[in-house]
Amino acid sequence: MTPKHVTRRPLLAGTIATLAIVVTAAWVAYSYRQGDAAASVAPAALPQVVVSKPLERGVDSRLGFLGQFSAVEQLELRAQVGGTLTGIHFKDGDIVHQGDLLFTIDPRPYEIRLAQANAQLETAKARLVLAGRELHRAEVLAAKAFGTEQTVDQRTADQRTGQAAVDDAKAQIRDAEFDLEHCRITAPFTGRIGTHLVSVGFSRDRARLKGGLADKVEIALGDETEFARQGTLDFVDNALNRSSGTIHARATVPNPDGLLTPGLFARVRLVVGAAVPALLVPDTAVLPDQSQHIVMTVAPDGTVVPKRVEIGDLHGGLRVIRSGLTPNDQVIIDGIPHAAPGAKVAPQVGTIHYAATGDQG
């Protein structure tokens, strides 16, 4: 009996020790699982966004239009005298300067007319001199009672007729000189000439030529991103076009590089008011919301707060905010896709930059 009791007691003790080890191992495994579970439910890192206060800057009020260029001075050259065209002294599309010879017309018919008018003048002068002598003779004879007053009157009328003939001959000369001068057609002003519609040898009929605001405008051509060209508004019509609802206006623009050609379209921006303080944010920070716009901001507690805004045009690459923001709002300028309304974010301070040559209107 004794050996049996001695054998069983160590077995029981070993069993208890084994159980204690198993329980301890299970507790350690359970503790590790609890720790992993606790780590898995720990809050994730907040999304980072870049914020900045709106840029405060004075901006002027502007209106944008679509304009079309036309020449400041433009006319269709027509011959003022009839005759045969004998010379064309330019190439189509050339830049011609005021006074440059463009066309010549055969002058010989007008040279003949001028010579005839000069001869007529000489004849009229000779007749006027003779009429003056005869009048003097008639007056002397009448004073000595050898002539009559009727003769004096007749000689006086002859002298007046002679004077009229002289005046008519002088007018004929001026007319002939005018026609002769216009056998040479010159450029009335400096500019680019178009295509000539006649050739040498063509006979042309005689025809006579038929004959404030100071506001700054900024202009950009279709392929230009900046409004680098300047002009002056010098005319606004006094009537509105009923069919189109538009009013005609004109601005004069320098063309030193010759790129502005009649018929070319451009974007025109008119400054209509003095500069006033305004808030500006990057255009990418303004989000469309149906027919309105919103800007995402961050509250002091890190919550994303959308604000509905009224926008203006672009200045310096930035969008003008007319209403809806305050100068102290923290506007999200980067990281907007991670900023859901009401969510928490980790804001970092950034800077809004104004581009001096980035106005796009």
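**Notes on salt bridges and a surface patch**

1. In this predicted model, Asp158 and Arg155 form a salt bridge in which the closest N and O atoms are 3.7 Å apart. Both residues belong to helix α3, where a spacing of 3 residues amounts to about one turn of the helix. Asp158 is partly exposed, at 28% relative accessibility, and Arg155 is likewise partly exposed, with a relative accessible area of 26%.

2. A second pair is formed by Asp289 and Arg308, whose side chains meet in a salt bridge at 2.7 Å, N to O. Because Asp289 lies in strand β13 (residues 286-289) and Arg308 in strand β15 (residues 304-315), this pair ties together parts that are 19 residues apart in sequence. Asp289 counts as partly exposed at 27% relative accessibility, and Arg308 counts as partly exposed at 49%.

3. Salt bridges with shared partners join Arg113, Asp175 and Asp179 into one network. Asp175 is partly exposed, with a relative accessible area of 30%, as is Arg113, with 29%.

4. Apart from the charged pairs, Val236, Leu240 and Ile247 make a nonpolar surface patch of about 260 Å². Val236 is placed in strand β10 (residues 229-241), and with 36% relative accessibility Val236 counts as partly exposed.

Key. Residues are numbered from 1 along each chain as its sequence is written. This is a predicted model: local features need pLDDT of at least 70, side-chain atom pairs count only at pLDDT 80 or more; totals for chains, interfaces and linings use all residues. Side-chain values use heavy atoms; hydrogens and water are left out. Patches are made of residues with over 30% relative accessible area and no salt bridge: like charges are joined within 9 Å, nonpolar side chains (Val, Leu, Ile, Met, Phe, Trp, Tyr) within 5 Å. Accessible areas come from the Shrake-Rupley method with a 1.4 Å probe; for residues, only the protein chains shown count as cover. A salt bridge is a side-chain nitrogen of Lys or Arg within 4 Å of a carboxyl oxygen of Asp or Glu. Helices (H or I, at least four residues) and strands (E, at least two) are DSSP runs, numbered from the N terminus. Buried means under 20% relative accessible area, exposed over 50%, partly exposed in between (1.4 Å probe, protein chains only).
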